[in-house]
Number of protein chains: 2
Amino acid sequence: MKEINIGMLGCGTVGTGVAKILIKNKDLISSRVGASLNLKSVADIDIASDRGLQFDKGVMTTDSDKVVTDPDIDIILEMIGGETIAKDLILKAIENGKHVVTANKALLANQGNEIFKAAEIKGVDLAFEASVGGCMPIIKSLRESLVGNKIKSMIGILNGTCNYILSKITDDGSTFKEALAEAQAKGYAEADSTLDVEGYDAAHKLALLISLAYGMEIDLSNIYVEGISSITPMDIEYAGQFGYRIKLLAISKNRGDTVEARVHPTMIPFDNILSNVNGSLNAINVSADAVGDILLYGRGAGMMPTASSVVSDTVDIARNILSGSARRIPLLSFQMENIRKIPVMPVDEIFTHYYIRFSALDKPGVLSRISGILGKNEISIKSVQQKGRKTNGSVPLVMLTHRAKEADVSKALSEINSLDVASDRPVLIRIEDENGQD
Amino acid sequence: MKEINIGMLGCGTVGTGVAKILIKNKDLISSRVGASLNLKSVADIDIASDRGLQFDKGVMTTDSDKVVTDPDIDIILEMIGGETIAKDLILKAIENGKHVVTANKALLANQGNEIFKAAEIKGVDLAFEASVGGCMPIIKSLRESLVGNKIKSMIGILNGTCNYILSKITDDGSTFKEALAEAQAKGYAEADSTLDVEGYDAAHKLALLISLAYGMEIDLSNIYVEGISSITPMDIEYAGQFGYRIKLLAISKNRGDTVEARVHPTMIPFDNILSNVNGSLNAINVSADAVGDILLYGRGAGMMPTASSVVSDTVDIARNILSGSARRIPLLSFQMENIRKIPVMPVDEIFTHYYIRFSALDKPGVLSRISGILGKNEISIKSVQQKGRKTNGSVPLVMLTHRAKEADVSKALSEINSLDVASDRPVLIRIEDENGQD
């Protein structure tokens with residue numbers, strides 16, 4: 001049987017999962033592929049730890065350079081993470097004509113244009129299914145299954161840590177701090193959780209998805225990002241009263257010559273299936289002209305689900321090698337010459353529905369002054385509720401707006417914030433509700 | 001730019017959708033594929049009807065033979081349906097070295113072994129994503145995304161007509177007859193709805209999925225099939241009281257040397273996301289050793305969603321042609337020499353939970369006699385409720401069982417049915433509840 005030799009860089013959580021699949025399901029994979037996937041070398045600074053794996057002698061090494069230059073190795077799996085060593089090794093592997101599989105969304109979102117260009121010039125494959133949505137085949141769906149479709153929008157729950165925390169606050173009434181501590185105790189959140197809870201991880205993933213969907217260069221810098229650390233049980237409760245759940249969504253919409261791309265806490269109606277995606281699970285809905293809506297749902301992180309996607313990419317490349325068809329599919333879904341710079345729309349220009357919670361002193365005329373400022377700024381109110389519960393001496397006044405322009409809303413809120421009756425900054429949460437009338 | 005020539009057989013609903021995508025999104029597809037997909041010939045007995053499409057002169061023909069033998073044509077799309085002409089033309093296309101795309105689940109489920117063998121011998125591709133789940137990439141997921149996984153089970157809502165009817169009965173309290181009439185009026189159900197409502201269409205799809213998932217020859221004949229025509233609003237109501245919804249599910253479980261494969265109305269708990277898949281939508285959950293659970297959700301039928309999958313298959317094959325890699329992936333997911341005959345487990349041998357509604361005369365001792373027979377047959381009762389409402393002079397007695405063997409349940413039910421207090425055949429609905437204790 002033909003052999004494809006694989007070199008892996010990094011044997012942490014995901015790397016160990018990949019090795020487990022390649023070893024445990026070796027015969028199963030061969031019976032599908034018609035060739036043997038041979039894990040020839042695994043480079044890691046730690047070659048002593050027990051990973052619950054029995055590597056053949058000589059497989060483990062600390063010399064990653066030797067792995068990426070080994071002439072017998074066909075495919076390099078970069079499982080190190082981070083943007084320094086990982087990048088150098090990927091570029092060196094490409095230089096040496098190796099195909100590369102990675103799960104490194106931070107690296108690709110920040111420096112992908114350079115890396116993909118290097119792969120393009122060298123004519124090697126660079127696959128990254130595991131970088132978005134763990135086991136969900138969202139990249140394969142965009143590059144292959146939806147190839148006949150114009151993608152209209154993508155809305156996803158792409159960070160399991162945030163989804164776990166928000167589910168916890170929603171179901172148990174925990175505070176953000178308590179829920180985060182529990183996520184960390186369960187291993188869902190890193191000790192430094194900034195990348196997750198502030199929305200950057202989801203933004204990395206969204207940057208890759210919009211490139212694949214719309215044929216644009218990777219552009220992370222202009223994606224609007226807002227995390228979940230200021231979400232309170234109070235807003236989650238009020239959301240529920242209006243028929244909404246709060247999720248950290250990565251949202252993108254194809255606006256023709258521009259693209260909406262943003263990550264922020266969002267209210268979605270109960271009957272949107274995304275609102276039922278709870279705990280550490282991920283899901284993404286893609287709307288496209290032929291399929292209508294299609295949703296993928298599964299584990300977005302974790303050792304084995306992520307490893308499954310790495311193995312899928314590895315097999316795709318192995319099949320290309322076996323059939324002599326490297327680069328059968330363009331790396332970023334579109335032929336390189338058709339990839340354009342499409343600007344991400346500044347968040348000020350988006351139109352959406354808003355939930356705004358004001359903390360105002362309980363005095364006559366407050367509602368009239370607030371609604372006057374909103375009206376002057378072209379924001380019309382769909383619903384308003386004065387909540388009985390006093391917080392810090394003031395009363396929450398909750399409004400849902402009709403579709404309004406973000407810039408107008410920002411302007412109105414800062415005007416309102418400077419009123420003498422405003423006791424705290426207003427809380428603003430965007431609403432994604434396709435059934436909501438204007 | 002390189003051209004791939006396509007010949008299409010049949011230009012009904014799905015065929016028209018395919019032509020629409022290939023014409024309307026021609027430039028978009030070229031910008032992804034790097035070649036032009038050219039719809040060279042379309043054969044149909046009706047070349048006069050207005051399909052809302054402007055074909056170039058000479059594209060439409062009534063001569064399907066000429067299309068499948070045209071030396072300039074690379075890929076044949078079989079969009080005729082049925083098992084006679086469609087089969088002959090597919091075989092003739094294969095004989096002539098054409099790659100084939102089809103959405104014809106009935107043909108493949110019944111005669112697929114012969115057709116795939118012909119394609120195998122000739123070395124051509126035969127793709128059929130559109131035959132299962134409309135736009136959902138379930139076949140691509142099984143053949144590619146889950147290639148490193150051992151598939152443990154698949155549970156799907158694979159027939160939109162049945163799901164629409166059951167949703168209608170659940171939400172509006174319609175009878176089966178009323179809901180069917182409405183499905184027909186809306187175009188979701190054919191005038192002859194037998195294939196759909198009796199579960200055969202879902203069974204065709206399941207036969208293909210189990211072959212792809214477990215590496216077995218296609219075996220439709222041993223799949224247990226039960227339709228939805230006897231489902232009543234009463235059972236749906238009682239299901240709801242126990243926290244379940246009724247769906248027509250296609251269920252398969254990998255039992256090692258044997259496979260469970262069955263289609264029947266099934267109760268699933270509210271917190272199972274499949275229970276929230278309503279209307280004409282489809283969804284499928286795949287459990288596998290590395291990914292855990294993964295769910296695909298979308299339109300399982302209809303002109304454009306189905307056409308999207310046909311176009312995706314067509315592009316896959318075009319890419320194989322362009323890179324000289326025909327048959328890059330084995331047709332049925334496993335290398336032909338690794339495809340075994342794996343027996344489908346007789347339904348009598350399955351173990352599951354049951355909902356049983358007895359219609360018994362309201363006399364003392366009835367419950368004791370019924371539960372005695374159940375106990376004697378190794379069936380233990382989890383919950384029993386005597387419903388107040390009289391139907392035809394008798395009272396419904398509803399029981400949920402712990403896990404029991406189907407053969408034991410059948411035996412017990414026929415014993416109970418012969419009791420003098422039994423006024424009507426018991427209604428039996430299987431329950432799929434992973435959280436349900438034994």
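In this predicted model, chain A is divided into three parts, namely domain 1, which is made up of residues 2-135 together with 303-338, domain 2, which covers 138-299, and domain 3, which covers 348-431. Between domain 2 of chain A and domain 3 of chain A, the centres, taken over C-alpha atoms, are separated by 25 Å. To the contact between these domains, domain 2 of chain A gives 11 residues and domain 3 of chain A gives 9 residues. On the side of domain 2 of chain A that touches domain 3 of chain A, helix H11 (233-241), strand E9 (244-254) and strand E10 (259-269) each supply at least two residues, and the largest share, 5 residues, comes from E10(A). Sorted by class, this side of domain 2 of chain A holds 7 nonpolar, 2 polar and 2 charged residues.

Contacts are also found between chains, where 49 residues of chain A are in contact with 49 residues of chain B. On the side of chain A that touches chain B, at least two residues are supplied by each of helix H2 (26-33), helix H6 (138-145), strand E12 (292-299) and helix H12 (303-322), with H12(A) providing the largest share, 9 residues. The residues on this side of chain A comprise 21 nonpolar, 19 polar and 9 charged.

Strand pairing also links the two chains, as E12(A) and strand E12 of chain B, residues 292-299, pair in the antiparallel sense over 5 bridges. Within this pairing, Leu296(A) has Leu296(B), a residue of E12(B), as its bridge partner.

Conventions. Residues numbered from 1 in each chain as written. Chains lettered and ligands numbered in written order. Predicted model: local features only at pLDDT ≥ 70, side-chain atom pairs only at ≥ 80, totals over all residues. Domains from an automatic or database assignment. Contact = placed C-beta atoms within 7 Å. Helix = DSSP H or I, 4+ residues; strand = E, 2+ residues; numbered from the N terminus. Nonpolar A, V, L, I, M, F, W, Y, C, P; charged D, E, K, R; others polar. Pairing = 2+ DSSP bridges.
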